[in-house]
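The points below are grouped by topic.

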Amino acid sequence: MSSSQTTLRTQPRTRPTRQKRNQVGYGLAVIAACAVIGILLGGIKAPLAIKWLFGIAFGFVLQRSRFCFTASLRDPVLTGSTSITRAVIIAFILATIGFSALQIGPYLAGQTVPGNINPVGIHTAVGATMFGIGMVIAGGCASGTLMRMGEGFLLQWLVIIFFVAGSLLGAFHFGWWETHFIASSPNVFLPQVLGYPLAFFGQLVLLGLLYLLALRWEYRKL
């Protein structure tokens, strides 16, 4: 066997590289379509155009940041990465500060605290378990599914169909859960149980510890 034949056999086969398509035209078309829809919605009602622009901006941020609650719980186990986990914790910290700023005044004045305080019980654990299993199988939560639909993932179009179907099914038998579990479960509002200072700073400390734990977990996996 000649050396040239040996060289040909030992060289790995490589697939020909495909030239990427220029998608600038598609991007400009999408921007133009969004602008036209925004103008039409503004002509109907100004808040509709504002909501449309906010939705586009929010979707853009989600897509660029890859923010997803499923990934925040899945990635530390599968890949060891906790970047999204830490982003979610930071979001919880900011939400805690923001909601507390809105609630502290009415709470101290003895008025009704703005926001919904829902009962917590066995139904919470059952719903969380079912939703968590569904998210992992589907590969994304609600925001992640919508984001990947826009990116062209066909599986997520199938997921959204069953997402809607499951929501309709849940709404259909929600009355049974409310009668047998939710109505008898307690409403837990931590400031009423622990006092506002301890509830507020205690939650921030707990979230901070979770952030440090997530950071330590990622470095341990390196």
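Predicted model: local features only at pLDDT ≥ 70, side-chain atom pairs only at ≥ 80, totals over all residues.

Residues are numbered from 1 along each chain as its sequence is written, and side-chain values use heavy atoms, with hydrogens and water left out.

**Largest pocket**

- The largest pocket holds about 790 Å³ of space; a volume is the space filled by probe spheres set on grid points joined across faces, edges and corners.
- A pocket is an open set of points on a 1 Å grid over the protein atoms alone, where a 1.4 Å probe fits, with protein on both sides within 12 Å along at least five of seven lines; lining residues have an atom within 4 Å of a point.
- Its lining has 24 residues, and Gly127, Met130, Phe131, Gly166 and Gly170 lie nearest the centre.
- Two or more lining residues come from each of α6 (122-138), α8 (154-172) and α9 (174-182); helices are DSSP runs (H or I, at least four residues) numbered from the N terminus.
- The lining of the largest pocket consists of 15 nonpolar, nine polar and no charged residues. Nonpolar covers Ala, Val, Leu, Ile, Met, Phe, Trp, Tyr, Cys and Pro, charged covers Asp, Glu, Lys and Arg, and polar covers the others, Gly among them.

**Second largest pocket**

- The volume of the second largest pocket is about 620 Å³.
- It is lined by 15 residues, with Val30, Gly59, Phe60, Gln63 and Gly150 closest to its centre.
- At least two lining residues each come from α2 (24-44), α3 (46-65) and α7 (142-151), and α3 gives the largest share, seven residues.
- By class, this lining has eight nonpolar, six polar and one charged.

**Helix α5**

- With 26 residues (83-108), α5 reaches 37 Å from first C-alpha to last, close to the expected 38 Å; the expected span is 1.5 Å times one less than the number of residues.
- At Leu102, shortly before Pro106, α5 has a kink of about 30°, the angle between axes fitted to the seven residues ending there and the seven starting there.

**His123**

- His123 is in helix α6 and is buried, with a relative accessible area of 15% (buried means under 20%, with a 1.4 Å probe and protein chains only).
- Beyond neighbours within four places in sequence, His123 is in contact with Trp177, Phe181, Ile182 and Ser185; contact means heavy atoms within 4.5 Å.

Methods:
Buried < 20%, exposed > 50% of the residue type's maximum accessible area, 1.4 Å probe, protein only.
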